[in-house]
Amino acid sequence: MATSSAVVARRPQSRFKYALFSLLGLMFLFVLWNNERFIIDHAHPDWTYYFPVRYLLIPHGLGGLTALLIGPLQLSSRFRTKHVRVHRIMGGFYIGGITLAATMGSYIATVHSSAPLRVFTYVTAITWLLCAWTALASVLKGNYQQHRQWMIRSYAVTTLFVTARVVLAVPIIQRLGAGASAQVLWTLLVLSLIFTEFGLAWRSIFGSRRPASRVVAAS
């Protein structure tokens with residue numbers, strides 16, 4: 001009975017997770033068409049802008065794409081339980097993808113971005129690397145709960161590269177002009193981190209607790 005009730009209790013959370021990843025998948029497809037089409041369509045206006053750093057974008061994009069695609073599997077409790085060895089191997093690729101994407105993104109920003117976007121890229125890259133490598137350090141120390149929490153934080157930063165492009169494509173945001181891009185990106189970064197922390201603390205804040213009187217009586 002305890003096992004079946006635990007499964008039922010997890011279902012709403014699982015459904016929310018699947019819905020969230022499905023939404024992320026749809027946004028990813030939109031970004032591929034709306035923002036990354038310049039890779040094959042050289043008539044796209046972004047091709048002229050990115051042409052000087054086109055070869056640097058390859059490792060940056062592949063690293064970010066690796067982390068983006070591997071993340072959902074790494075955060076799946078069912079997959080992690082059934083495929084422990086695969087989970088560890090993919091975790092290495094996930095950390096490696098983030099490290100490659102963050103370092104290359106910082107270099108591209110240094111040689112090919114305005115000062116406001118450069119600062120944003122540096123801070124985001126440091127945050128991304130800090131979350132990912134803290135997750136790795138946690139699991140090496142055997143602290144699996146901290147590992148999972150830092151993995152979630154790192155993936156929240158990973159998804160920023162999809163959500164930011166979707167938000168910047170919203171007409172009302174586009175009307176603000178290119179000068180407002182940095183402010184929009186900073187806002188998204190802060191909100192992503194805040195909502196992630198809120199999600200991690202949700203159960204401890206709003207979860208049901210046994211009344212203190214019953215705990216004392218039981219002891």
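Student: In which hand, left-handed or right-handed, does α5 pass α6?

Tutor: Please bear in mind that this is a predicted model. In it, α5 passes α6 in a left-handed crossing.

Student: How many degrees separate the axes of α5 and α6 where they cross?

Tutor: Helix α5 covers residues 84-112 and helix α6 covers residues 115-140; their axes cross at roughly 165 degrees and come within 9 Å. Angles over 145 degrees count as roughly antiparallel, and α5 and α6 are therefore roughly antiparallel to each other.

Student: Which residues of α5 and α6 meet?

Tutor: On the α5 side, the residues include Ile 95, Ile 98, Ala 102, Gly 105 and Ala 109, and on the α6 side they include Arg 118, Tyr 122, Ala 125, Leu 129 and Trp 133. By class, this contact of α5 with α6 has 12 nonpolar, 5 polar and 1 charged residues. The general idea behind such spacing is that an α-helix has 3.6 residues a turn, so residues three or four places apart point the same way.

Student: Which residues of α6 are buried, and against what do they pack?

Tutor: Among them are Phe 120, Thr 124, Trp 128, Cys 131 and Ala 135. The buried residues of α6 pack against α3, α5, α7 and α9. After α6 comes Gly 142, with a positive phi near 80 degrees.

Student: What span should α6 have, given its number of residues?

Tutor: At 1.5 Å a residue, its 26 residues should span 38 Å; the end C-alpha atoms of α6 are 37 Å apart, which agrees.

Student: At what angle do α3 and α7 pack?

Tutor: Helix α3 (residues 54-74) and helix α7 (residues 144-168) pack at about 135 degrees, with their axes 10 Å apart. The two helices are therefore oblique to each other, and their crossing is left-handed. Gly 64, Ala 67, Leu 68, Gly 71, Pro 72 and Gln 74 of α3 make the contact with Met 151, Tyr 155, Thr 158, Thr 159 and Val 162 of α7. By class, the contact has 6 nonpolar, 5 polar and no charged residues. The buried residues of α3 include Gly 64, Ala 67, Leu 68, Gly 71 and Gln 74.

Student: Where is Tyr 18 found?

Tutor: Tyr 18 is found in helix α1. With a relative accessible area of 49%, Tyr 18 is partly exposed.

Technical notes: Residues are numbered from 1 along each chain as its sequence is written. This is a predicted model: local features need pLDDT of at least 70, side-chain atom pairs count only at pLDDT 80 or more; totals for chains, interfaces and linings use all residues. Side-chain values use heavy atoms; hydrogens and water are left out. Axes are lines fitted to C-alpha atoms, for helices over the stretch in contact, and angles run from 0 to 180 degrees between N-to-C directions. Helices (H or I, at least four residues) and strands (E, at least two) are DSSP runs, numbered from the N terminus. Angles under 35 degrees count as roughly parallel, over 145 as roughly antiparallel, 65 to 115 as roughly perpendicular and the rest as oblique. A crossing is left-handed if the near helix is turned anticlockwise from the far one by less than a right angle, and right-handed if clockwise. Contact means heavy atoms within 4.5 Å. Ala, Val, Leu, Ile, Met, Phe, Trp, Tyr, Cys and Pro count as nonpolar, Asp, Glu, Lys and Arg as charged, and the others, Gly among them, as polar. Buried means under 20% relative accessible area, exposed over 50%, partly exposed in between (1.4 Å probe, protein chains only). The expected span of a helix is 1.5 Å times one less than its number of residues.
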